[in-house]
Amino acid sequence: MKPLVHALVFLIVLSTVNAIGISPPRIIAEGMNRGTQIEKLVFLSGVNSRDEVTIAVEGEVASWVSVDRELRFTVPDATPEIPLVFRIAVPQDKPNGKYTGTARLTSASRTPLTGQQTSVSVVAGVTLSFDVEVTGEQVKAYKITSVTLPPTSEQAPITLIITIDNTGNVAVKPSLVKLMIADKFKQSLLSSANLTATNAVAGHTKGNITLVVPQHLKPEEYWARVEVYDGTTVKFSQESVLEITTTQPAQTTPQQPVQILLKQVVVPPTVRTNDVIKLSASLENPARPVSAKFLAEIYKGERLVKVVESPVEQINTGHANLTAYFTPTEDGAYTVKAYVLYESVKTPLKESSFVVGGIKKTPPVEKKSWWSKLLILLVLITAGYVAFHWWRKTHRRRIW
Amino acid sequence: MKENIKSILMHAVLVLAVAGVVVVLPRLADAANSSTSASVTNAAPVASSPVLNGGSDITLTSNTTKSILTTITITDNNGCEDISSVAGKLFRTTVTDGAGAADNNRTHYTSTCVANNDCTAGGSDLTKTFNCTFVMTWYADATDAGSANASTNWTFTATPSDASVSGTNASAVQEVNTLTSMSLETTSIAYGTLALGGDTGATNQNITIANHGNENLDVSLTGYGSSSGDNKSMSCTIGKVEINKLQYNSSSFTYGTSGVGLSNVTTELDLDVAQGSDSTVRPSKPVYFGFGLPSTGVGGSCTGTVVITAVSDPNTD
């Protein structure tokens with residue numbers, strides 16, 4: 001009789017679903033020159049809180065790929081999306097050709113199976129594929145994703161911001177930009193200008209071309225037509241409202257590159273457990289309005305405890321604040337690493353810290369104020385006096 | 001007596017004089033004025049400067065909805081207070097009937113846009129901005145490179161109206177990125193007791209793969225006994241089990257016949273789990289497993305790991 005083996009009794013005894021998702025699942029980098037790099041933002045979602053995520057890169061481009069996070073990390077509580085920035089840096093010595101690779105991201109429960117002598121874990125994963133074309137040629141390919149004219153005040157110049165998504169490997173800029181301004185009823189052309197850009201957007205990046213035009217219009221609403229040329233071809237045209245105001249709008253130097261600046265993250269330095277902590281991000285937007293959200297990774301020591309985030313909000317030109325909240329449940333020293341996400345861009349991290357100490361004290365019993373005590377005393381005295389006199393009256397002997 | 005009569009008469013004259021002034025004077029004024037009237041032609045509102053998702057491609061979230069923000073500027077030459085409403089549509093650009101198609105979580109969404117508080121009544125301010133929010137489901141069609149709809153994109157269009165007419169719309173386009181996502185929905189599975197040299201025969205255990213993304217899915221499988229790449233399926237109290245002793249397939253099988261042996265190398269299984277179309281149903285398919293033990297060399301309790309990876313299958317091939 002052959003011995004029996006208690007083998008493979010269970011496949012995944014878990015009380016929660018094991019799930020994982022990635023978007024987008026492909027990074028396609030065409031026309032990459034040797035020595036250049038490209039960055040792409042992808043989002044991991046659907047993973048369970050406290051699961052362990054592992055990132056493993058394989059294939060021809062494995063040594064070219066890096067990610068802005070540890071290759072093994074624990075998912076914090078209540079984190080619907082985890083942003084990951086993958087960078088592909090093409091070595092200087094690679095021949096022309098197409099190269100591929102994959103990053104396998106897996107999610108596994110950290111809770112060990114208990115009570116089972118034999119078991120098999122089932123790990124869920126997703127794949128991020130890399131398709132990289134290395135070339136020695138110059139590739140010019142771009143699209144204009146938006147043209148913005150923020151409001152400006154009388155006597156201040158008009159700022160025209162052209163956002164370009166450069167998918168080629170050479171820096172690009174429009175050959176000519178025409179700006180025509182009509183009255184708000186489009187009945188008369190008031191001014192026109194032919195503009196030439198001085199800066200360009202680098203290859204494999206998304207950036208802005210900023211043009212400044214002097215103007216002497218009165219405070220009013222106007223119609224502005226913008227035509228962006230590539231050679232002699234109109235690559236983009238748009239009509240939009242241009243507002244000239246009487247007061248100086250909140251706007252920084254128009255020559256600065258347009259990007260959201262996370263200036264600081266403010267947190268209370270000391271708090272108690274179970275306090276709701278407000279994390280405030282102070283932002284500066286030097287140009288056109290964008291939709292953005294603020295995220296903060298909260299660490300206790302080396303352990304990532306939670307990622308909290310603000311709602312997505314429209315950030316107009318100038319200063320803005322975004323807010324997220326966190327409730328610590330343990331004492332200790334915490335570090336906050338915060339950033340802002342907007343238009344597939346992740347700002348550099350800003351760090352802050354706070355200390356959680358002591359159980360939240362119950363508030364002292366409120367003492368009654370002295371005047372309320374005095375009032376009660378007076379009422380009692382008055383009531384006593386009235387009662388005494390009533391008793392005397394009712395118990396006085398009749399003399400007739 | 002005469003004094004009384006005189007007094008009465010004086011009062012009467014005074015009253016009559018006052019009444020006369022009250023009645024006659026307006027008639028004299030009317031004689032100097034003439035009434036005029038005119039009506040203003042209604043101007044239809046015009047939309048401009050549409051912005052979809054802040055100018056970025058749309059990335060959806062696994063197995064849940066996501067709010068997509070859009071903005072639009074409306075101009076009405078009768079004054080911004082004449083703008084009454086804006087209807088927003090977000091749809092896959094090539095869907096039949098375009099903006100006029102019926103709502104469908106895979107291809108078409110409608111939103112009632114909300115006005116911002118930036119209209120100054122009085123007639124000189126002609127513009128008002130609106131925000132439109134679309135709640136997209138996780139299985140809305142992808143249109144990015146490599147997806148089944150890579151030749152198209154998604155369009156946001158906003159059509160303004162005043163009390164009389166609908167005006168001129170404006171549109172913006174973006175891509176919706178592919179979301180590759182799955183869940184492994186399992187229960188506890190017991191193979192029972194296996195003898196050395198025995199196997200599960202025609203009895204399979206299965207793991208159900210549910211699609212939580214916006215494209216069709218295949219899966220790939222690999223595994224290990226105690227560490228990745230060890231070429232084992234199980235590590236036991238005594239000995240180890242070779243990796244190919246664990247078999248699987250997309251349909252039920254008898255061990256040793258049509259099952260595919262697990263491998264160190266991640267191997268794709270053509271499962272074709274469909275993209276969702278109903279928020280209450282997650283399309284799913286099972287993967288069937290069987291197992292066999294060697295005739296010698298193992299004993300006691302055994303543990304191992306199977307790694308199941310979702311693979312993008314946009315063209316269901």
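**Ground rules.** I note that local features need pLDDT of at least 70 in this predicted model and side-chain atom pairs count only at pLDDT 80 or more, while totals for chains, interfaces and linings use all residues. Residues are numbered from 1 along each chain as its sequence is written, chains are lettered from A and ligands numbered from 1 in the order in which they are written, and side-chain values use heavy atoms, with hydrogens and water left out.

**Entry 1, disulfides.** For burial I used relative accessible area with a 1.4 Å probe and protein chains only: buried is under 20%, exposed is over 50%, and partly exposed is in between.

The sulfur atoms of Cys80(B) and Cys119(B) are 1.9 Å apart, and this link is right-handed, with 80 degrees about the S-S bond. Cys80(B) sits in the loop between strands S2 (66–75) and S3 (83–92) of chain B, and Cys119(B) in the loop between strands S5 (114–115) and S6 (127–136), so the pair ties together parts that are 39 residues apart in sequence. Cys80(B) is buried at 0%, whereas Cys119(B) is partly exposed at 23%.

I then turned to Cys113(B) and Cys132(B), whose sulfur atoms lie 2.0 Å apart, in a right-handed link with 100 degrees about the S-S bond. Because Cys113(B) is in the loop between strand S4 (108–112) and S5 of chain B and Cys132(B) is in strand S6, this pair ties together parts that are 19 residues apart in sequence. Both Cys113(B) and Cys132(B) are buried.

For Cys236(B) and Cys302(B), I again noted sulfur atoms 2.0 Å apart. Cys236(B) lies in strand S13 (residues 232–238) of chain B and Cys302(B) in strand S19 (residues 299–312), so parts 66 residues apart in sequence are tied together. Cys236(B) is buried at 9%, and Cys302(B) is buried at 0%.

Which strand of chain A holds Ser23(A)? I found Ser23(A) in strand S2 (residues 18–23) of chain A, where it is buried, with a relative accessible area of 1%. Among the residues that Ser23(A) touches, leaving out those up to four places away in sequence, I list Val42(A), Phe43(A), Thr59(B) and Leu60(B); contact means heavy atoms within 4.5 Å. A polar atom of the Ser23(A) side chain lies 2.8 Å from the backbone oxygen of Thr178(B). The peptide bond from Ser23(A) to Pro24(A) is cis, with omega near -10 degrees, and Pro24(A) is in the loop between S2 and strand S3 (26–32) of chain A.

I looked for positive phi values in residues other than glycine, and one is Asn274(A), with phi near 70 degrees. Asn274(A) is in the loop between strand S20 (270–271) and strand S21 (277–285) of chain A, and is partly exposed at 47%. Another is Asp97(B), with phi near 80 degrees, in the loop between S3 and S4 of chain B; Asp97(B) is exposed at 62%.

Technical notes: A disulfide is a pair of cysteine sulfur atoms within 2.5 Å. Helices (H or I, at least four residues) and strands (E, at least two) are DSSP runs, numbered from the N terminus. A polar contact is a pair of N or O atoms within 3.5 Å; within protein, one must be able to donate a hydrogen and the other to accept it, and residues adjacent in sequence count only if both atoms are side-chain atoms.
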